[in-house]
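Thanks for asking me to look this one over. Please have the model open while you read; my notes are below.

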Amino acid sequence: MTTSTTTNVALGDAHVDVQAGVVHGDINFYRLPPDPSPQEQFAFALKYLDARVRDQARKLIEKAVAGGYATTEVQFYRLIALLSGRTLRQLAPEEVDRLIAICASLPHLDDHDQWAAGVRVIRRLLEPVRAAETDLVVKEIDALSRRQRDTIYGHLEALLEGAMQEELWRKSVALAASRRTEGDRFNRIWKFFHPKPAQPRTLPVQPAAVALRDWLRAGAGAAVFVLAVVQLLILVAARGMLGPLLGLLVGLIGLGAFCVGGADRHYRRARLRAKEAQIRPPQQRRREGTPRGFARKVDRLFDRYFSRYVPQDTDRVYWRAQTAGIQRHLRDEVVELYREQRIGADRVAWLVRYLVGDVRRQWEEDTLTAFRQRLRISTRTRILHVGGLVLLIAGILSTAPGVMASAPLPGTGWLLLAAVSAVPAVRSSFRIIAEWRRVTDDQAERDDKDAARWEAYHRWCHKLSDKPSDTEMAAWLESDRKVLVDRAMRQYRLQPSHVIAHAFIEAPAPSCKRARYPQGPWRYSRYRLLLFLLTDDGVRQANIDLDFETATSHTAQRLNYRFDAVAAVRIDGIATGQPTFELTLFNGDPISIRVSEPDHEALQHDENATKIAELSLDAAGLNHTLHVLEGVAAEGKEWIKHRRRRADERLASLTGSLRGLLD
């Protein structure tokens, strides 16, 4: 047997760069109610058992039994939780005693109780099974209900030895292979790592902002103008001059038309300038936010989706250059809307994706600059504006001579006063009217945006509605692990009976996504797995990279070493939520890997970082792995011999006790 020089998986405190964790806080799957009843404790124990959090499942089942809830169904799962994933030789002395006590406490098993049938099968598996009896025992298992049958094949595949172990392992691997793609896995698994989308928002409409001087100019100017016009009418009417009177009326009509056309012209030009500013490429480079800040993450989202959503038959560089102003405007809007709400950037990714997709749609439909056509000055406005100005001038020219001839001094004064007061009043009224119209149009646009965003939000929520449960995630991961163990055995040309024990170390791969239920273990989109196969000749180790979302894997490294080559095994950092596994060989560098990453910001109000770390380690089977490797490190190959001898003694005691109970 050769000993290979090992390389680090992740040295010391190397950061694995796991993305911020998603906690599905709206799901109470693992949250026990206050003062739970024994029935509730058992129900939650089954959830943890399905999630392969075996230690927590055992604790809850024992509490339920202590509370007086001890049906045959409870006893069935009590045995499953105690034996799950282990051989009888791996049971500690106190666990063997508990197993005997459980079997001794079982009441008479009713032949018509389906759970009693399952308990009988498990008790049958605890006795030595001769090769000739293998088919008979398998038939007894297959005769159970599907739930019990799948539970036995899924949890007790390592329980036996010899021909029965080979058959049980074969059945277990076949079941795992079929379950790997159950439930439309590849189209749904990514949704587990997607956070709950933030509800859409739109910027509120800025209220009309009119300067006080504009109100004063418009009000005072209008009042003075009306006074001057009234005085001119009195002068003209007192002398009975029809021509100046008609000229004055024509001038007033022209002024009205000019104001209507001019106000519309002024608003359209101002509105067009504002719209053009929104799409104009930025003249200065925006200051970068902090690398982990919300604004910087939103920047990256917009960069990603503008680079991905390129319109058909459009050069990517040209597209990015032409939409740089739009990107900046939309980015600033999203940052303004959500910056102070303590919302992660990944929760608004759907909105960014929708906004960029909408820009692409408008580009392809050639409606991105449709506002230019909409805000073009119309023929009606031009006629009112120019025609009104012509009538105004004509009215003034026909009125002025008559007024000045009949009353030179007062007529000239009132004419000048009317002109001087009208100019600032008209200009200020243009700005006031434009601001009122701006508020109206902004509100209409906001309503349209709001409706479209809510529609996109509901579409996205519907797409996420079939997100897999944590139980499904656990079943898929366990199936992947079982298939990987079987593949490793084949690569090493090992039969299940040749493997004393197998153990996994699960760790998040670099840059993976992660998510969990409250009070549940972390699940990762990509794993780095260390598989240990203990045989009589030593340890076979395979370092495997698993893409959990696609169920693809590759073996990064294979190592073989003797038991006496293991110098030390330890795990540090559980209390800080940063557990790190380290395996040291006498003639190689230590194998060190961060088992999970802390994320105190993702903790719910009733959660503890240490507790979550322990649950995640339990689900990863680290406690079992650590126990096995610590024994190897302490005693080497002698540990295997001593363990077998002690286990044989306990098994003999167990078998004798079971036979006595059955008799």
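1. A word on the ground rules. This is a predicted model, in which local features need pLDDT of at least 70 and side-chain atom pairs count only at pLDDT 80 or more, while totals for chains, interfaces and linings use all residues. Residues are numbered from 1 along each chain as its sequence is written, and side-chain values use heavy atoms, with hydrogens and water left out.

2. The whole chain. The protein chain has 22 helices and ten strands, taken as DSSP runs (helices H or I, at least four residues; strands E, at least two) and numbered from the N terminus. Of its 663 residues, 49% count as buried, meaning under 20% relative accessible area with a 1.4 Å probe, protein chains only. Among contacts (heavy atoms within 4.5 Å) between residues at least 6 apart in sequence, 74% join residues at least 24 apart.

3. Helix 5 itself. Residues 114-125 form this twelve-residue helix, and it reaches 17 Å from first C-alpha to last, close to the 16 Å expected at 1.5 Å a residue; the expected span is 1.5 Å times one less than the number of residues. Nine of the twelve residues are buried, so helix 5 is largely enclosed by the rest of the structure. Among the buried ones are W115, G118, R123 and R124.

4. Helix 5 against helix 6. Helix 6 covers residues 134-142, and the two pack at about 155° with axes 10 Å apart; axes are lines fitted to C-alpha atoms over the stretch in contact, with angles from 0 to 180 degrees between N-to-C directions. The pair is therefore roughly antiparallel, a label for angles over 145 degrees. V121, R124 and L125 of helix 5 make the contact with V137, E140 and I141 of helix 6. These residues divide into four nonpolar, no polar and two charged, where Asp, Glu, Lys and Arg count as charged, Ala, Val, Leu, Ile, Met, Phe, Trp, Tyr, Cys and Pro as nonpolar, and the others, Gly among them, as polar.

5. Helices 17 and 18. The axes of helix 17 (residues 379-406) and helix 18 (residues 408-464) come within 5 Å and cross at roughly 140°. A400, V403, M404, A405 and S406 of helix 17 meet P408, G411, T412 and L415 of helix 18. By class, that contact has six nonpolar, three polar and no charged residues.

6. One cysteine to look at. Is C103 buried or exposed? C103 lies in helix 4 (residues 93-105) and counts as buried, at 2% relative accessibility. The C-alpha atoms of C103 and R120 are separated by 10.0 Å, with the two residues 17 apart along the chain.

Definitions and conventions:
Buried < 20%, exposed > 50% of the residue type's maximum accessible area, 1.4 Å probe, protein only. Parallel < 35°, antiparallel > 145°, perpendicular 65-115°, else oblique.
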